[in-house]
Amino acid sequence: MNGWVAKRFWKTSKVIEKSEGFTVCLDGRVLKTPAKSHLILPSREMAHAIAAEWDRQEGDIDPNTMPVTKSANAAIDKVATQHFEIAEMLTEYGNTDLLCYRAVAPEELIARQAESWDPILDWAAENLGARLLSVSGVMYEEQDKTAISRLRAQVHAMDNYALAAFYDLVSLSGSLVLAFAARAEIRTISELWELSRVDESWQEEQWGVDDEASKQIALKFRAFENANRFLKMT
């Protein structure tokens with residue numbers, strides 16, 4: 001809750017267009033981020049989504065029900081001050097991408113991984129200019145430097161808002177390629193989430209799923225959906 005107001009104090013929220021973008025006012029007061037920066041937003045859609053989140057608050061403010069506001073705050077307070085470092089960190093996922101590390105057994109899982117992941121790697125080779133190679137086992141193998149360089153350029157080219165959303169897509173899925181696929185909308189976000197869980201789904205089929213694990217999976221998927229929604233607003 002650090003930096004957030006504790007209780008609702010306003011009656012109405014309003015979207016205001018400014019020369020540098022859009023913002024949201026609560027009873028005429030411009031919203032600020034936790035770091036006290038003005039909340040300047042790149043699109044009217046994002047501003048209206050944030051205004052709606054604030055309008056839905058009653059009594060105590062719950063940041064967990066305000067994913068668009070949280071992502072916008074992150075873009076302004078965190079990504080804007082560390083854009084290069086965050087882009088570099090995300091690029092490194094390309095060298096350890098989930099889609100590239102394959103099981104050595106059983107044959108059924110090996111086949112499922114290939115069927116699920118190879119088409120996405122093929123798409124990346126054709127559309128991102130980066131052919132990532134798959135390997136068997138978990139031992140690290142460095143990817144082609146030219147492929148990683150091309151992915152790096154595309155990550156660095158994102159603005160602060162897109163990179164904030166992209167960070168969540170990559171970190172939640174464990175895959176730089178799946179995050180790019182979400183950005184390009186080549187599959188539904190549910191389908192891409194399931195592709196990130198091929199190994200886990202296999203284990204669940206063998207051993208079942210406990211209730212607590214199911215709850216955590218649902219929370220992560222919701223965060224993945226929210227990140228994708230925010231990305232589309234940028």
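This is a predicted model: local features need pLDDT of at least 70, side-chain atom pairs count only at pLDDT 80 or more; totals for chains, interfaces and linings use all residues.
Which element gives the largest share of the lining of the largest pocket? Helix α2 does, with 9 residues.

## The largest pocket

The largest pocket holds about 700 Å³ of space. Its lining consists of 24 residues. Closest to the pocket centre are P67, K70, S71, A74 and D168. Three elements each contribute two or more residues to the lining: α2 (67–92), α5 (160–173) and α9 (211–233). By class, the lining has 14 nonpolar, 5 polar and 5 charged residues.

## Overall layout

The chain forms 9 helices and 5 strands. Read from the N terminus, the order of elements is β-β-β-α-α-β-α-β-α-α-α-α-α-α. Along the principal axes, the C-alpha atoms fill a box of roughly 60 × 45 × 25 Å.

## Two helix pairs

Two packed helices are described by the angle between their axes and the distance between the axes. Helix α7 takes part in both pairs below.

| Pair | Angle | Axis distance |
|---|---|---|
| α7 (189–196) and α8 (198–207) | roughly 70° | within 5 Å |
| α6 (176–184) and α7 | about 175° | 10 Å |

How do α7 and α8 lie relative to each other? An angle from 65 to 115 degrees counts as roughly perpendicular. The axes of α7 and α8 cross at roughly 70°, so the two helices are roughly perpendicular to each other. On the α7 side, E194, L195 and S196 make the contact. On the α8 side, V198, E200 and S201 do. The contact residues of this pair split into 2 nonpolar, 2 polar and 2 charged.

The other pair has another geometry to consider. Helices α6 and α7 pack at about 175°, and angles over 145 degrees count as roughly antiparallel. Therefore α6 is roughly antiparallel to α7. Here L178, A181 and A182 of α6 meet I189, L192, L195 and S196 of α7. This contact has 6 nonpolar residues, 1 polar residue and no charged residues. L195 and S196 of α7 touch α6; L195 and S196 are also among the α7 residues that contact α8.

How many salt bridges does a search of the whole structure find? The search finds 10. One of them joins the side chains of K7 and D60, with an N to O distance of 2.5 Å. K7 and D60 are 53 residues apart and link distant parts of the chain. K7 sits in the segment before β1 (13–18). D60 belongs to the loop between α1 (44–55) and α2.

## Backbone exceptions

Most residues other than glycine have a negative phi, and most peptide bonds are trans.

P106 lies in the loop between β4 (101–102) and α3 (107–127).

The other site is D27. The loop between β2 (21–26) and β3 (29–30) contains D27.

Note on methods:
Residues are numbered from 1 along each chain as its sequence is written. Side-chain values use heavy atoms; hydrogens and water are left out. On a 1 Å grid over the protein atoms alone, a cavity is a set of points where a 1.4 Å probe fits but cannot get out, and a pocket is an open set with protein on both sides within 12 Å along at least five of seven lines; lining residues have an atom within 4 Å of a point. Grid points are joined across faces, edges and corners, and a volume is the space filled by probe spheres set on the points. Helices (H or I, at least four residues) and strands (E, at least two) are DSSP runs, numbered from the N terminus. Ala, Val, Leu, Ile, Met, Phe, Trp, Tyr, Cys and Pro count as nonpolar, Asp, Glu, Lys and Arg as charged, and the others, Gly among them, as polar. Axes are lines fitted to C-alpha atoms, for helices over the stretch in contact, and angles run from 0 to 180 degrees between N-to-C directions. Angles under 35 degrees count as roughly parallel, over 145 as roughly antiparallel, 65 to 115 as roughly perpendicular and the rest as oblique. Contact means heavy atoms within 4.5 Å. A salt bridge is a side-chain nitrogen of Lys or Arg within 4 Å of a carboxyl oxygen of Asp or Glu.
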